[in-house]
Amino acid sequence: MRIILVGYGVVGKGVTTILARRAMEKVSDYGFNPKIVAIADVDGAVINPRGLSPEKLEEIKKRGYPISADPDFGKKGISALEVIKTVEAEIVVEVTPVNIKNGEPAISHITEAFKTGKHVVTTNKGPLALAMPALTELAEYNNVYLRFSGTVGGGTPMLEFAKRCLAGDRILAIRGILNGTTNYILTEMSQNHVTFQDALANAQKLGYAEKEPSMDIDGFDTACKVVILANWIMNKKITLKDVDRTGIREVTLQQLQDAAKRNSTIKLIGSIEGDKAMVKPTEIPLTNPLCVSGVLNAITFSTEYAAEQTLIGRGAGGIETASAVLRDLLDIRRKLATKLLT
Amino acid sequence: MKKIVMKFGGTSVGTGENIRHVADLVTKYAKDNKVAVVVSALAGVTNSLIETGCQAKKSDEKHIQTFTAELRKKHTDAISTAITSKAIQKEVAQITENTIAELEKVLTGICYVGEITPKSKDYVMSFGERLSAPIVWGAIKDHKAESQCFTGKDAGIVTNSNFGEADPLMNFTAHLIRERLSPLLEKNIIPVVTGFIAADQDGVVTTVGRGGSDYTATILGVALQVDEVWIWTDVDGIMTTDPKIVPSARMLPQLSYQEAAEMAIFGAKAMHPRALGPVSKENIPVRIRNTAHPENPGTLITKEPIANAKEAVKAVAMIKDVAMLNVYGAAMVGAPGSYAKVFDVLGKNSINVMMISAAASEANISMVIKRGLLGRAVSNLEIALQERGGIVSEVTTEDDVAVIAVMGANMKGTLGVASKIFSTVAKKGINIRMIAQGSSELNISFVVKEKDGAAVVRAIHEEFNLDKN
């Protein structure tokens, strides 16, 4: 299966690592023989229609940016869009940085892939948060698949768990801690009694938070994930603007201490209940399985028959998120095989 | 006195001078024979029409103007060289002008609508022959011979509505052509008919696709029950091999229809099997001749080869730009339908298989496909068939190979041909990667590394004395 990788950040590198590792096992167990035929980033691309060898991928990773400097296959200045349009492949893996203003350039990448008959695996929340109903319709119309497990829960299979393992049941509500950065800050504040500002500075020092932290602490990241869950699992056609969103800037040490007295704590909870999609700092009992500390994520699905199911795992990280990409690729491979044989 | 259909290809009518030469030939033969003429578009015109037609859907009208201006110049230049009489020049120029004006309207229409359908594409393509035929007609008249110009449609070629690859309704077509053209032949008037283009029963323009103008010529030949169909081209005939590889390659004086169909792999220099269809049924001989050397007899294609019937091998060809695809799987052994699955996956992805070889052990199957399709073929075979429990365990490829095809009708029943071929290759120290021989025994094909291809062709050509009569 030929793959075009668009975006060579931490997730992109993780994808190349994971695809090269234990290659024979993937072939014999899953019939999955991935070949990365192109990697595109802002400076240009590396293109080899026969597939880049594991050695070559290692070399590219060591050299770093600009990736188009590769002496054998580098192509300086070619845009990712052009690569998607012109290079033959079955799948585009879109892992460019998130943009929640207009979803670009990822939306263009994804729609171009659809138009040229390529399936898409993305970990990019932006396009989905802003245009998920549109993109899923477009994929269906073009008879290709769009997969995005890595957008929620990183490597923790939250979307598949709900969609597959709970098939047949009805999911009544979803509540979750869907952002590791804010959870780290709130954990620091409640357990070590540091102020919001200090906890944020600490998170930035450790690389958990961005220099421009608004995406996380104002709840945008969580809200994006709420949109994806609502669309994919609960079939609600909502986008980012439909989420009632409050961040954690206003959470005080006093509030956390008061909560502690009640054997509770405050967490940034994203939830979908009935018609309401919400992101809000919420007090929950310490005994609630959702109540995880540090950068962990957790999600609870309330179902009609199987009652409450909670999944806990790491919600970010290059390799972790790349593992979700691998799952999506295998899923598409299986679906294609069925299609080809019937 | 013979009845002959003569077809002139794109290079034969490439320039005004060439067209004048064509008129010389036609009128010379028309003195003692009854001749009908089929012409292709001027060299390169059909391709540029397709290109502009496909671009018209996005380009501006300005581009159309530039294109038609070039086209007008090309044809008016040809008119002024091919025809000397001012009156005839003017008459043909007027037809050209009207035709180009119509083309301009069609292209502008496509530009506005923003799409080109197979139907409108056929219409656009038809202009190549509609522009060339009147010039040939004018040049013939210029030689003081009587002539009349027809489109394929007006001549009576009626096809189905399979645009881009239309097939004639042969009996109906023959009926109309006889009605319209036979009376002219009787009066020694030379009909000039556009090749390649025809019309369906509603009069909508179609093209005959693969086989092109050659196909038109053989359709006409059958309808008019001619003695021979002559295909005028820029080579002396069908050769024993590509003279670029073997300079001593020899022209083949005679071939059977079956052999000629095998030679289709020689590409543009040979005839497409589709074009041979009508004549082989009616047993009408086809002769391939060179406009530059009309003194040469060319290659005669007939039902049974008469001369040199002893030769087992007649020609050897190399096919490049191919790749070999090997599919392995122990699970294929003894499992009915497993090959079908492999070919089904390829077929669903529009991949044409050129050559197949599978050992009786059934554990692997090798195929040759176009090199450009290799990536798609491998991906889809792996996706569909390689899962645990699937029938395929491994797919390997070699994309630096070429197919060598050795042909000849008398290989059938001649002992030792294969051993002679393979020992010749072995003597050169070249490894054969794959072999296929159909039970028709007209052809043995095998795969070698592309870098060895030319040496193999030379060795076989020499071993079988193909350069000697």
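**Two helices side by side**

Reply: In this predicted model, α9(B) and α11(B) run roughly parallel to each other, because their axes cross at roughly 15 degrees and anything under 35 degrees counts as roughly parallel. As background, a pair of packed helices is described by the angle between the axes and the distance between them. For this pair, the axes come within 7 Å. The helices themselves cover residues 212–223 (α9) and residues 273–282 (α11) of chain B. As for handedness, α9(B) goes past α11(B) in a left-handed crossing.

Now for the residues that do the touching. From α9(B) you have D214(B), Y215(B), T218(B), I219(B), G221(B) and V222(B). Facing them from α11(B) are R274(B), A275(B), L276(B), P278(B), V279(B) and E282(B). Sort the residues of this contact by class and you get 7 nonpolar, 2 polar and 3 charged.

Stepping back to the whole of chain B, the chain is split into domain 1 (3–233) and domain 2 (315–463). The C-alpha centres of those two domains of chain B are 40 Å apart.

Then there's the contact between the chains, which takes 16 residues from chain A and 14 residues from chain B. On the chain A side, the elements giving two or more residues are α2 (23–30) and α13 (318–341). Of these, α13(A) gives the most, with 5 residues. By class, that side of chain A has 8 nonpolar, 3 polar and 5 charged residues.

Technical notes:
Residues are numbered from 1 along each chain as its sequence is written. Chains are lettered from A and ligands numbered from 1 in the order in which they are written. This is a predicted model: local features need pLDDT of at least 70, side-chain atom pairs count only at pLDDT 80 or more; totals for chains, interfaces and linings use all residues. Two residues are in contact if their C-beta atoms, placed from the backbone, lie within 7 Å. Helices (H or I, at least four residues) and strands (E, at least two) are DSSP runs, numbered from the N terminus. Ala, Val, Leu, Ile, Met, Phe, Trp, Tyr, Cys and Pro count as nonpolar, Asp, Glu, Lys and Arg as charged, and the others, Gly among them, as polar. Domain bounds come from an automatic or database domain assignment. Axes are lines fitted to C-alpha atoms, for helices over the stretch in contact, and angles run from 0 to 180 degrees between N-to-C directions. Angles under 35 degrees count as roughly parallel, over 145 as roughly antiparallel, 65 to 115 as roughly perpendicular and the rest as oblique. A crossing is left-handed if the near helix is turned anticlockwise from the far one by less than a right angle, and right-handed if clockwise.
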